[in-house]
Amino acid sequence: MARTPQPPPPAARTGAARRLAPPLGALAAVLAAFAYVGAVDPNEAGHYPVCPLLRFTGLYCPACGGLRSAYAVVHGDLGAALGANALAVLGYAAFAVFWAVWLVRAGRGLPVAGPRPRPVHWWLVGGVVLLFTAVRNLPAGSALAP
């Protein structure tokens, strides 16, 4: 009696190009966004809409300065990027780390399980964002203001 061959595991059935397409597609989208912001200077008025919270209340939201931060990153000015929005720069770095892990795992054919934050992690992130927002709007935290 002939033995029926077992099918290869799911990761082996897909080629490397197919496994790498999602992380490379995500990278392409992020690079396109950064290229656009790098080409269209947010420091010049009229290119991007004004933050509604800043416009109507005079308060900086957690994202205020994010485009200027991305522009500075594209142009290699890390100091200006941190000055525009330090939290955004931390977000860019976190994305880079998670993306690199995703790419390596996908390239090796391993299951790609992203971070699985628990509710306590979401509360922690929310608290950091809230604290950052409050501090950057106080006179003592003016260094965090864009």
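Modeller: I start with the whole chain. The protein exposes about 10200 Å², an accessible area from the Shrake-Rupley method with a 1.4 Å probe, in which only the protein chains shown count as cover for residues. Carbon and sulfur atoms supply 71% of that area. This is a predicted model, in which local features need pLDDT of at least 70 and side-chain atom pairs count only at pLDDT 80 or more, while totals for chains, interfaces and linings use all residues. Residues are numbered from 1 along each chain as its sequence is written, and side-chain values use heavy atoms, with hydrogens and water left out.

The C-alpha trace spans about 80 × 40 × 25 Å along its principal axes. Buried residues make up 20% of the 146 residues; buried means under 20% relative accessible area, exposed over 50%, and partly exposed in between (1.4 Å probe, protein chains only). Of the contacts with a separation of 6 or more, 55% join residues 24 or more positions apart, a contact being heavy atoms within 4.5 Å.

Now the rings. A pair of aromatic rings is described by the distance of the centres and the angle of the planes. Rings of Phe, Tyr and Trp (its six-membered ring) pair if their centres lie within 6.5 Å; planes under 30 degrees apart count as stacked, over 60 as edge-to-face and the rest as tilted. The structure holds two such pairs. Phe34 and Tyr92 form an edge-to-face pair, with 5.2 Å from centre to centre and 80 degrees between the planes. Phe34 lies in helix 2 (residues 16-39) and Tyr92 in helix 5 (residues 78-107), so this pair ties together parts that are 58 residues apart in sequence. Tyr92 is partly exposed, at a relative accessible area of 22%.

Tyr36 and Tyr48 form an edge-to-face pair as well, with centres 6.3 Å apart and planes at 90 degrees. Tyr36 is in helix 2, and Tyr48 is twelve residues away, in the loop between helix 2 and helix 3 (52-57). Tyr36 is partly exposed, with a relative accessible area of 47%.

Beyond its neighbours within four places in sequence, Ser69 is in contact with Tyr92, and with Ala81, Ala84, Asn85, Ala88 and Val89. Ser69 lies in helix 4 and is buried, with a relative accessible area of 0%. Its side chain reaches the backbone oxygen of Ala81 at 3.3 Å; a polar contact is a pair of N or O atoms within 3.5 Å, where within protein one must be able to donate a hydrogen and the other to accept it, and residues adjacent in sequence count only if both atoms are side-chain atoms. The buried residues of helix 4 (residues 66-74) are Gly66, Ser69, Ala70, Tyr71 and Ala72, and they pack against helix 2 and helix 5. After helix 4 comes Gly76, with a positive phi near 75 degrees.

Helix 5 also carries Trp99, which counts as buried at 16% relative accessibility. Apart from neighbours within four places in sequence, Trp99 is in contact with Pro23, Leu24 and Leu27.

Finally, the cysteines. The structure holds zero disulfides, a disulfide being a pair of cysteine sulfur atoms within 2.5 Å. The sulfur of Cys61 has its closest cysteine sulfur in Cys64, at 3.6 Å, too far for a bond. For Cys64 the closest is in Cys51, at 3.6 Å, again too far for a bond. Cys61 is buried at 14% relative accessibility, and Cys64 is buried at 5%.

Definitions and conventions: Helix = DSSP H or I, 4+ residues; strand = E, 2+ residues; numbered from the N terminus.
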